[in-house]
Amino acid sequence: MSRPLIVLFLAFAALPAFAANPPPKPLVKPADTAGTAAPATPDNDRAILFEPPPDPLLGVPPPAAGLMPSPQDFLDAGRGIEPDQGDAAYGAYQRGLYDRAFLLALPRAERGDPVSQTLVGRLYQEGLGAKQSDKAAAAWFQKAALSGDPAAQLALGLLFLDGKGVKKDKSKAADAFEQAAIWNDPSALYNLGLLYLDGDVRPRDPLKAADFFGRAAAQGSSNAEFALAQLYSVGDGVVLDDGIATMWTARAAKNGHSEAQLEYGIRLFNGTGVPKDIIGAAGWLQRSAERGNPMAQNRYARLLASGRGVDPDPVAAVRWHLIATQAGAKDEWLDDFMKTLSDADMKRAQAEAQRWAAVARLTNTARVSSQPEAPTEAKAAAPPAASSKSNDDAPEVVAPNAAALQQSAPPADALK
């Protein structure tokens with residue numbers, strides 16, 4: 001990609017799709033004046049946020065510190081000393097020529113090009129073209145982050161969050177995410193929302209968290225969509241509204257979020273915030289089960305055992321329950337149901353479960369060894385802070401009388 005195109009791309013990234021796809025504004029929960037503290041003012045927030053690092057190489061100051069180049073400064077300065085060579089390094093990386101990418105990027109990184117520094121950091125982080133080293137990755141990400149590269153700011157924030165290559169420090173992670181969030185990076189916005197929801201290193205502010213999630217969701221972040229759904233499902237900072245919660249859950253499910261698929265299946269089954277649709281529920285539970293969600297595997301197993309929303313299939317039901325059991329998910333009702341199978345059917349279910357597990361292992365191995373995902377995507381897989389409660393409280397799919405079976409197979413896509 002030529003330098004002008006890259007700069008143009010970054011410019012659009014820095015000035016995200018607010019105009020074409022404005023982020024949703026969270027529906028503010030009515031104020032509860034009884035015994036609640038006054039919300040923090042921007043000045044108060046700034047006072048809490050501003051904490052200059054003792055060493056410029058030990059963190060990224062928050063935007064309020066005014067110590068970093070602005071996104072426009074970064075764009076005006078140009079992203080590379082010699083753009084053509086920089087593109088060659090990334091081109092080699094994208095083609096899997098990691099040794100060449102490292103050799104091309106390292107000299108430019110040592111001369112201070114922030115984008116090349118980010119690439120070198122990524123190669124160290126992933127052990128591609130260089131020996132894997134989180135410490136080396138953190139050092140290069142810090143250099144690039146301090147020069148204003150948003151990709152490095154996000155990557156550094158994730159390292160601080162996980163304590164990889166640096167001492168675990170959620171406050172410094174938040175600083176780095178806030179810098180990257182200026183560019184409207186969806187993963188930075190999502191992680192920042194989690195930190196404001198957590199209330200540990202930032203004042204707990206569910207409404208602000210909802211705003212960050214909304215900005216990320218407007219860019220298609222399934223994690224942010226699911227996080228928003230959970231805020232609306234419990235009325236944390238926003239209004240309690242099962243319809244809106246189900247809408248965001250459906251969006252996350254359609255974007256492939258496994259937990260959202262499970263949650264959406266349960267909501268369809270129970271008719272929570274959406275008309276009851278048992279066939280559609282079975283389809284979404286099946287999707288989540290096939291993606292390896294143990295809770296969904298047991299839920300789908302119950303439907304197969306009882307024939308609600310799907311054709312009854314006792315062997316498949318036991319197969320899914322065995323797979324879920326291997327992952328640590330328990331279900332006493334299915335344990336009892338399993339005892340009703342004949343020896344031949346039980347052996348068949350066990351063999352199918354073993355084959356499924358073997359294929360799943362091969363698939364995961366192939367996925368790991370294929371083209372590496374960006375660290376932002378890897379972190380985005382982390383569940384939102386509010387999700388565990390929702391799943392723990394998820395209603396059970398009650399197994400009905402087998403005589404009241406529905407014989408239809410689940411639709412290919414119940415939402416279409």
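## Before we start

This is a predicted model, in which local features need pLDDT of at least 70, side-chain atom pairs count only at pLDDT 80 or more, and totals for chains, interfaces and linings use all residues. Residues are numbered from 1 along each chain as its sequence is written, and side-chain values use heavy atoms, with hydrogens and water left out.

## Meet helix 16

Helices here are DSSP runs of H or I with at least four residues, numbered from the N terminus. Helix 16 covers residues 294-306, which makes 13 residues. From its first C-alpha to its last it reaches 19 Å, close to the 18 Å expected at 1.5 Å a residue; that expected span is 1.5 Å times one less than the number of residues.

A residue is called buried under 20% relative accessible area, exposed over 50%, and partly exposed in between (1.4 Å probe, protein chains only). Because 11 of its 13 residues are buried, helix 16 is largely enclosed by the rest of the structure. Among the buried ones are Y300, L303 and L304.

Just after helix 16, G307 takes a positive phi of about 75°.

N298 lies in helix 16 and is buried, with a relative accessible area of 3%. Its side chain joins that of H321 in a polar contact of 2.8 Å (a pair of N or O atoms within 3.5 Å; within protein, one must be able to donate a hydrogen and the other to accept it, and residues adjacent in sequence count only if both atoms are side-chain atoms). Leaving aside neighbours within four places in sequence, the contacts of N298 (heavy atoms within 4.5 Å) include A324, K330 and L334.

## Charged pairs

Side chains of opposite charge can pair when their charged atoms come close. A salt bridge is a side-chain nitrogen of Lys or Arg within 4 Å of a carboxyl oxygen of Asp or Glu, and the whole structure has 14 of them. In one, the closest N and O atoms of R108 and D113 are 2.8 Å apart, and both residues are buried.

E352 and R319 form another, at 3.4 Å. E352 lies in helix 19 and R319 in helix 17, so the pair ties together parts that are 33 residues apart in sequence. K170, D198 and D200 are linked in a network of salt bridges; within that trio, D200 is exposed at 51%, while K170 is partly exposed at 26%.

How values were computed. Helix = DSSP H or I, 4+ residues; strand = E, 2+ residues; numbered from the N terminus.
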